[in-house]
Amino acid sequence: MSKLENEFNNCKLINTINEANNDDLKVIDLNKPDITKIVLLKKEGAPFKEKEKIAKYFIKNNDKKPIYVESPIYGWILKYIPDDKKIILEPCKHETFYVKCCLKCGFKKTEEYDMINNDRFVANEFSYSKEKAESMEKKAIDTYLNKQKLILLLDLDNTIIHTYTSKLRLPDSQIKNLRDLYKTYFAKVPIKNEINRNDIILVKFRPFLKTFLKNIQNKYEIYIYTHGTKEYATGIIQYINLNFERDSLSTRRMLYRVVDKYGNPKIKSIKDVFPTQENMLLIIDDRINVWKESGGNFICIYPYKFFNENDELINE
């Protein structure tokens with residue numbers, strides 16, 4: 001390699017490091033006279049775990065037995081400089097966790113990690129770094145502004161539907177009678193922690209719900225935010241879409257029950273959807289006491305109730 005080519009590659013390396021904007025870069029220096037050959041086991045940019053083998057090298061007079069290099073961090077190889085025999089590592093920022101696992105490098109977080117990094121943005125089973133959340137938020141906001149739409153956070157129970165859980169195994173004939181009598185839709189929704197059980201959920205849509213959803217979609221992107229479980233919310237949304245226009249609501253824009261370590265439901269917050277923007281959001285819910293925010297962007301709707309728990313047709 002000529003001197004000019006070497007200087008050019010060094011400039012590219014400096015630019016790469018500057019773009020990373022990370023003071024925690026790790027350098028593995030293998031520039032020793034007795035090392036004859038270095039072989040990377042991971043490509044540049046490919047993530048690996050701490051203590052995972054990322055390279056091997058051979059020394060003079062023993063070129064058949066390799067010595068392995070283990071990574072001191074969770075991350076990836078940012079750059080390998082063969083002339084200097086240096087491997088530059090960039091640590092993973094753990095931008096996105098699914099439950100407890102980083103989606104990029106596989107790092108599994110602990111309670112101690114959560115205590116130190118308590119500014120993360122949490123949405124259902126996912127959690128995001130502050131920088132990642134703000135970047136996602138900006139992208140979503142720009143998309144909605146281009147569509148000239150605002151954002152609606154919509155509750156389910158007693159807001160747009162009323163449900164009743166029948167503990168009985170209703171025969172098909174009785175379900176048909178109930179459907180005809182109440183003009184009601186039904187869904188089988190699994191109840192958490194109860195094995196081999198599918199209770200019948202009787203679902204009654206609030207009057208004019210179909211018209212409401214059809215009209216509101218021209219002006220708002222709808223996010224469902226419920227204290228119900230994931231299975232329950234998914235089942236309800238699927239039945240709304242089945243009986244109304246397709247994709248009236250989306251399970252991709254859905255937040256459901258999150259509990260703390262004591263099993264108590266987490267209070268709802270606008271920041272669970274958009275961490276910094278509030279002026280584009282409208283909330284419709286039948287309960288104001290389950291929200292942190294209760295300002296001018298909150299519409300407290302009268303609770304909708306249809307089923308009577310003492311109805312013999314339901315419980316017989």
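Q: Where does asparagine 297 sit?
A: Asparagine 297 is in the loop between S17 and S18. Helices (H or I, at least four residues) and strands (E, at least two) are DSSP runs, numbered from the N terminus. One caution: this is a predicted model, where local features need pLDDT of at least 70 and side-chain atom pairs pLDDT 80 or more, while totals for chains, interfaces and linings use all residues. Residues are numbered from 1 along each chain as its sequence is written, and side-chain values use heavy atoms, without hydrogens or water.

Q: Is asparagine 297 buried or exposed?
A: Asparagine 297 is buried, because its relative accessible area is 16%. Buried means under 20% relative accessible area, exposed over 50%, and partly exposed in between (1.4 Å probe, protein chains only).

Q: What does asparagine 297 touch, apart from sequence neighbours?
A: Leaving out residues within four places in sequence, asparagine 297 is in contact (heavy atoms within 4.5 Å) with Ile270, Glu278, Leu281, Leu282 and Ile283.

Q: What separates the C-alpha atoms of asparagine 297 and leucine 282?
A: 4.9 Å, although the two residues are 15 apart along the chain.

Q: How do S17 and S18 pair?
A: In the parallel sense, over 3 bridges; strand S17 covers residues 281–285. Two strands pair if DSSP finds at least two bridges between them.

Q: Which residue stands opposite aspartate 285?
A: Cysteine 300 in S18. Cysteine 300 is partly exposed, because its relative accessible area is 45%.

Q: What sheet holds S17 and S18?
A: An open sheet of 5 strands, with parallel pairing. The order is S16-S15-S11-S17-S18. The edge strands are S16 (254–255) and S18 (298–300), each pairing on one side only.

Q: New topic. How many disulfides are there?
A: The structure holds 0 disulfides, where a disulfide is a pair of cysteine sulfur atoms within 2.5 Å.

Q: Which residues does threonine 96 contact, skipping neighbours within four places in sequence?
A: Cysteine 102 is one of them, as Cys102.

Q: What's the sense of the pairing between S5 and S6?
A: Antiparallel, over 6 bridges; S6 covers residues 86–91. Tryptophan 76 stands opposite glutamate 90 in S6.

Q: How many residues lie between S5 and S6 in their hairpin?
A: 4 residues. Lysine 85 is in that turn.

Q: Where does asparagine 158 lie?
A: In the loop between strand S11 (150–154) and strand S12 (161–166). S11 also belongs to the open sheet.

Q: Buried or exposed, asparagine 158?
A: Asparagine 158 counts as buried, because its relative accessibility is 19%.

Q: Zoom out. How many helices and strands are in the chain?
A: 7 helices and 18 strands.

Q: What share of the chain is buried?
A: Buried residues make up 41% of the 316 residues.

Q: What percentage of contacts join residues at least 24 apart?
A: 61%, taken among contacts in the chain between residues at least 6 apart in sequence.
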